[in-house]
Amino acid sequence: MPVSLSNSKLIHEALKECDVRLVSALPETWLVHLIRLTEEDPGMQLVRLAKEEEAVGISAGAYFAGVKSAMLMQNHGFLAAINGIVSFAHLYKIPLLMLISYRGSFGERDPWQTQGGNVTEPLLRALGIPYFFLDGEGTVKKRIRQAQTLAESSLQPVAVLLTRDLMWEE
Amino acid sequence: MLRLDCLRSVYAELEHCLVVTIMGAVAAELHSLGHRPNFFYLQHAMGLASSTGLGLALCLPDQTVIVFDGDGSLLMNLGSLSTMARYRPANLVHVVFDNESLLSVGGFPTATSTGTDLEGIARSAGIPNAVTVRSVESFKAAVGDAVDRKQLTTIVAKVEAQGPSGYVTDLALLENRFQFRRYIQSLKKS
């Protein structure tokens, strides 16, 4: 499976350097290494979800507890989490660090991913969620750190879009 | 059995717990008994009170976390039962007030009114201890037992579909949220 192990490791290290201790996730192809690295890391609690919206509540609980967390999800999972994002994270000013695999964009071969790819950025903009792309290994750590910093200072959800260029080795 | 009487029966014990409620009647009734800084009322995001309790319980294993959920909210996030069961924090007590109704929007019947059994769903999801109670005395005993036994518990409390006349309190949502977090951070320092 040509999911980039080296870049998954970079993202994992970036989260550790941000002191992220809890990571919630719903598996998808691009995230397999990242989820495994989280599970094998004794310094991180992995919470495997049934549906991505749960992650909003779990991360809010972690935030109240003073524990930094991150959410791993596909962009379709982001769509499934939107009510929680609006009616919990936005309503109560809860910082969320959302790492979203950006399926359905240029280069996508799976027809079923393509509609979600079309609406990901328009929805992020409509929701007023700041977002940035992770598209090259040189900037992974810096951008994740910046996203975490903005989430904490602005008390709001921030999205980092994991792109094909970073996650997939063809 | 009235939800307010259930809440009143355990109110004293809540002083040293972290409490998360759903919106509507549960929040308004607990608030009416006397707000405390360790109470967080999730005034929307239906379904996520249990997820919030799970996050708190996993991150604060030395604190007892009590979630006051409802049938309508839990039915919107049944997957939460499987996630709670998967990690089964021993310090989490999940109370579900089941009035078989979406009371705050006009009393529309939920699926528990036609036979859906939340205790059975919780047990089958893997919640290690799941019970249904129908009296205030058994409710109080079940909550006390759940706290003492240190095992993830779902308590389904069958209550009347009655609530307060209004749901808005004088506690602003953000005030509640900042106070709740500050309270938890103060526990760590003490």
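This is a predicted model: local features need pLDDT of at least 70, side-chain atom pairs count only at pLDDT 80 or more; totals for chains, interfaces and linings use all residues.
Trainee: How should I read the residue numbers and chain letters, and what are the ipTM and pTM scores?

Mentor: Residues are numbered from 1 along each chain as its sequence is written, and chains are lettered from A and ligands numbered from 1 in the order in which they are written. As for the scores, the model has ipTM 0.97 and pTM 0.98.

Trainee: What is the mean pLDDT of chain B?

Mentor: The predictor's confidence in each residue is called pLDDT and goes from 0 to 100. In chain B, 100% of the residues reach 70 or more. The mean pLDDT of chain B is 96.

Trainee: Which element of chain A gives the most residues to the side that touches chain B?

Mentor: Begin with the contact (heavy atoms within 4.5 Å), which takes 29 residues from chain A and 31 residues from chain B. The count between chain A and chain B is twelve residue pairs in polar contact, both at pLDDT 80 or more; a polar contact is a pair of N or O atoms within 3.5 Å, where within protein one must be able to donate a hydrogen and the other to accept it, and residues adjacent in sequence count only if both atoms are side-chain atoms. Strand 2 (45-48), helix 3 (53-64) and helix 5 (82-90) of chain A each supply at least two residues of the side that touches chain B; helices (H or I, at least four residues) and strands (E, at least two) are DSSP runs numbered from the N terminus. With nine residues, the element that gives the most is helix 3 of chain A.

Trainee: How many salt bridges does the rule find across the interface of chain A and chain B?

Mentor: A salt bridge is a side-chain nitrogen of Lys or Arg within 4 Å of a carboxyl oxygen of Asp or Glu. Over all chains, the structure holds 19 salt bridges. Across the interface of chain A and chain B, however, the number is zero.

Trainee: Which residue forms a salt bridge with Lys16(A)?

Mentor: Lys16(A) is partly exposed because its relative accessibility is 42%; buried means under 20% relative accessible area, exposed over 50%, and partly exposed in between (1.4 Å probe, protein chains only). In the salt bridge, the closest N and O atoms are 2.7 Å apart, and the partner of Lys16(A) is Asp41(A).

Trainee: How many residues apart are Glu17(A) and Lys141(A)?

Mentor: Glu17(A) and Lys141(A) form a salt bridge, with their closest N and O atoms 2.9 Å apart. The pair links distant parts of the chain, with Glu17(A) in helix 1 of chain A and Lys141(A) in helix 7 (residues 140-154) of chain A, and the separation is 124 residues.

Trainee: Why are Glu40(A) and Arg36(A) separated by about one helical turn?

Mentor: The side chains of Glu40(A) and Arg36(A) meet in a salt bridge at 3.4 Å, N to O. Glu40(A) counts as exposed at 53% relative accessibility, and Arg36(A) as partly exposed at 34%. They are about one helical turn apart because, in helix 2 of chain A, their spacing is four residues.

Trainee: Which strand of chain B pairs with strand 3 of chain B over six bridges?

Mentor: Two strands pair if DSSP finds at least two bridges between them. Strand 3 (residues 64-70) of chain B has seven of its seven residues buried, and strand 1 (residues 17-21) of chain B pairs with strand 3 of chain B in the parallel sense over five bridges. The pairing over six bridges is also parallel, and the partner is strand 4 (residues 92-98) of chain B.

Trainee: Is Gln43(B) buried or exposed?

Mentor: Gln43(B) lies in the loop between strand 2 and helix 3 (48-59) of chain B. Leaving aside neighbours within four places in sequence, Gln43(B) is in contact with residues including Tyr92(A) and Leu173(B). Because its relative accessibility is 18%, Gln43(B) counts as buried.

Notes. Side-chain values use heavy atoms; hydrogens and water are left out.
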